[in-house]
Every structure is written in structure tokens, then in C-alpha cells.
Amino acid sequence: MVTLTPKAIEKIKSIMVDQKPAPAALRLSVIGGGCSGFSYSMQLENEKRLMDKEFDFDGLKVLVDGVSIMYLDGVEVDYLETLEASGFKFNNPNVKSTCGCGSSFNA
């Protein structure tokens, strides 16, 4: 199962409110690419697909496709703000290695 921290949920909801028209859900997925093989993807969505798994986090609907769920099982998505940068962080216990920049992984 995928989890989102309260900070991540709050940030995603605030982004969704600013969209016109407002999206119905957040899609989390894993796509091929990057120097280590896979990259994470976050997209705002309006429709659930046939093979999607649906999660609810404090009223935030999150969709994960049937293939990505294998790589995202146990993942925690957090939102971090520091003096140097801000953004979403995927804490994935399934990762065997990452690239030097941390934007792609191998599972």
C-alpha cells in the first residue's frame, strides 16, 4: 500500500484547489527512464482507469495503475521544504539503487 504524509496531502490539496477545472484525483506511477531505470510520476487526473487501485487520504483520491503498484508497494510520499529546495520525496523500501541525483531508481 502507498501512504502519504499529512504534509504531502496538504500540499497536493492546495495545488488541486488552484487548478481550473479542479482535478478529481492524483495519479502516482512509475515510468521507465532515468539513469537507474525507473522514475516516479505524479499527475492530476479526472478519470479512474480499468486497472487502477484507488486510495483515499483524508479526502484526497489517489490512483495507482496495476503495474506501478508493484513498485510503489510500501512507498511513503512526503513533502519537504528546506532552505535549499522544496518538493515531494518518495521513501521507497523496494529500491535497490538510485542515481546520483536521486531522481531515478532501480528495484
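User: What has to be found before two strands are said to pair?

Analyst: Two strands pair if DSSP finds at least two bridges between them, and the strands themselves are DSSP runs of E with at least two residues, while helices are runs of H or I with at least four, numbered from the N terminus. This is a predicted model, in which local features need pLDDT of at least 70 and side-chain atom pairs count only at pLDDT 80 or more, whereas totals for chains, interfaces and linings use all residues. Residues are numbered from 1 along each chain as its sequence is written, and side-chain values use heavy atoms, with hydrogens and water left out. Here β4 and β5 run antiparallel and are joined by five bridges, with Glu54 having Leu63 of β5 as its bridge partner. The hairpin of these strands has two residues between them, and Asp58 takes a positive phi near 50 degrees.

User: In what order do the three strands of the open sheet stand?

Analyst: The order is β1-β6-β7, with mixed pairing. β1 (3–4) and β7 (86–91) are at the edges with a single partner strand each, so one side of each lacks a neighbour in the sheet. β6 and β7 run antiparallel through six bridges, and Val77 stands opposite Phe90 in β7.

User: Which residues is Val2 in contact with, beyond its neighbours within four places in sequence?

Analyst: Contact means heavy atoms within 4.5 Å. Leaving those neighbours aside, Val2 is in contact with Leu28, Phe55, Phe57, Val64, Ile69, Leu72 and Val75.
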